[in-house]
Amino acid sequence: MTINPITTMKIKNTALFAAALPCVLLLAGLAGCNSDIPNPGKGTATESPTQWIGHVLPDWEEGCLDIHAINTGRGESTLYILPDGTTMLVDAAGSTMGMDDDPIPPTAPKPNGSITSGQVIINYVKHFIRPANTKLNYLLLTHFDTDHMGNFDTSLPMAPAGNFRMGGITEVGASLAFDKLIDRGWEYPKNRASETRIANYRTFINWAKTAYSATYEEFDVGKNDQIVLKKNPSKYTDFSVRNLFANGYVWTGAGSEKRNTFPSVENILAADPAENVYSIAFHLKYGRFDLFAGGDLQYNDKSNYAWKDVEAPVAQVMTAVDVMKANHHGTSNCNSQALLNKLSPKAIFIHTWRDVQANAETLGRMYTASPDCKIFLTNTTDPNKERLSAHLAKLNSLDGHIVIRVQPDELFTYCVYILDDTNENYIVKKAFGPYFSF
């Protein structure tokens, strides 16, 4: 196996890297992401993840961190299986936009139009959490746009056991038990989501409190103890999730303190910002491995209202990461050069689902910040392939579910798997790595 440590590793500390290089080279032959004989259900060390191409992705194993970008073609949903088997689903795609409903059309639904995006997520989650858990410990909703929470329409089916309609997060939550639901809070300020959609969502939450004994909390910016391991936290003390941003509040970088970056509610409402500016963002750490996820953070209209650049305050408190979930589907007016320079990600996954995603200039900023960055998309339309021009050949994957699996070895080696999204067999069609965290 050929190793290029300069292009496949993020060097946070040059001296540390030099000292660790012999170990890196040893691990290159020992620490991949799965067992060396294709055998679904096993995920031990191997020389290369490419052996799994054409096979079902092996099960998660204790100690591993799995990050799954689930592709429904209708928005964003990310499943996290944490090292001790704690499970978290961030967002539940559910836009009902049709191909002819908007000048910027969506991609085709995956695997096809005969199944709802909510049911795709349900089936996917049930399959992959099976070796880790029987339920979701956390449902985290980053903000109230339909491509993250689901739409509401009176044509949607009623829940069999509840007085709410099922679409997106309400459909997923009606079938998958969960312990806690966290969102940005629907009362500050008056949000852009339809009142009927929020009312339906609140009815769903009240139902879940009874049906699952679930609890509800607003995302508490600055805290690193709101999202925690639930099964065996004492075994993985090097795992944490820091709440970075929501509703204009950003962590200060000290303790659990936060500060407000927004003007008064009256001024916010007068400026009529997109729902995206309220998005939840967090920083996940597992040993040497770092991940940044920022919902739909953006900087649109910052020339008129500086506070609408919600990426700027986040960039001030962030450090370099190994992996980034791209903000706002990698479209325009997001993923600023300042933020990308600070994060310097070595891998980026992008939940793309409309014809303008990803944006060529945005990709250019990503490669400027990290020239050897590995970039993976869940979807790409044919017209957008032409717009992406020279960037197209550099992209590592253009479609499919994206899975990042982090091993608990000395350098927290991780691999990236692309799963076929045209059916629900979860077959690996591409594999990348191993890469090393620093």
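User: Where in this structure does proline 434 lie?
Analyst: Proline 434 sits in strand β17, which covers residues 428-435. Helices (H or I, at least four residues) and strands (E, at least two) are DSSP runs, numbered from the N terminus. Before we go on: this is a predicted model, where local features need pLDDT of at least 70 and side-chain atom pairs count only at pLDDT 80 or more, while totals for chains, interfaces and linings use all residues. Residues are numbered from 1 along each chain as its sequence is written, and side-chain values use heavy atoms, with hydrogens and water left out.

User: What kind of peptide bond joins glycine 433 and proline 434?
Analyst: Most peptide bonds are trans. The one joining glycine 433 and proline 434 is cis, with omega about 5°. You'll also find a cis bond running from glutamine 357 to alanine 358, where omega is near 0°. Alanine 358 belongs to the loop between β13 (347-350) and α10 (360-369).

User: How do I read phi, and what is the phi of serine 213?
Analyst: Most residues other than glycine have a negative phi. Serine 213 isn't a glycine, yet its phi is positive, about 55°. Look for serine 213 in the loop between α6 (195-211) and β6 (215-218). Histidine 329 isn't a glycine either, and it has a positive phi of about 60°. Histidine 329 is in the loop that links β12 (323-325) with α9 (337-343).

User: Why does serine 213 count as exposed, and why does histidine 329 count as buried?
Analyst: Buried means under 20% relative accessible area, exposed over 50%, and partly exposed in between (1.4 Å probe, protein chains only). Serine 213 counts as exposed because its relative accessibility is 59%. Histidine 329 counts as buried because its value is 0%.

User: And cysteines: how many disulfides does the structure hold?
Analyst: A disulfide is a covalent bond between the sulfur atoms of two cysteines. This structure holds zero disulfides, going by the test of cysteine sulfur atoms within 2.5 Å. Cysteine 64 counts as buried because its relative accessibility is 2%, and cysteine 334 does so because its relative accessibility is 0%.

User: How do I read a sheet, and in which order do the eight strands come?
Analyst: Strands of a sheet pair through backbone hydrogen bonds, either parallel or antiparallel. Here eight strands make an open sheet with mixed pairing, in the order β9-β8-β7-β10-β11-β12-β13-β14; two strands pair if DSSP finds at least two bridges between them. The edges are β9 (258-260) and β14 (374-377), each pairing on one side only. Zoom in on β8 (residues 249-251): β8 pairs with β9 in the antiparallel sense over three bridges. There, valine 250 stands opposite arginine 259 in β9.

User: Which residues lie nearest the centre of the largest pocket?
Analyst: A pocket is an open set of points on a 1 Å grid over the protein atoms alone, where a 1.4 Å probe fits, with protein on both sides within 12 Å along at least five of seven lines; lining residues have an atom within 4 Å of a point. The largest pocket is lined by 26 residues, with Asp145, Asp147, Asn276, His328 and Arg354 nearest its centre. Its volume is about 370 Å³, taken as the space filled by probe spheres set on the points, which are joined across faces, edges and corners.

User: What volume does the second largest pocket have, and which residues lie nearest its centre?
Analyst: The second largest pocket has about 260 Å³. Its lining counts 20 residues, and Ser95, Thr96, Ile115, Thr116 and Ser117 are nearest the centre.
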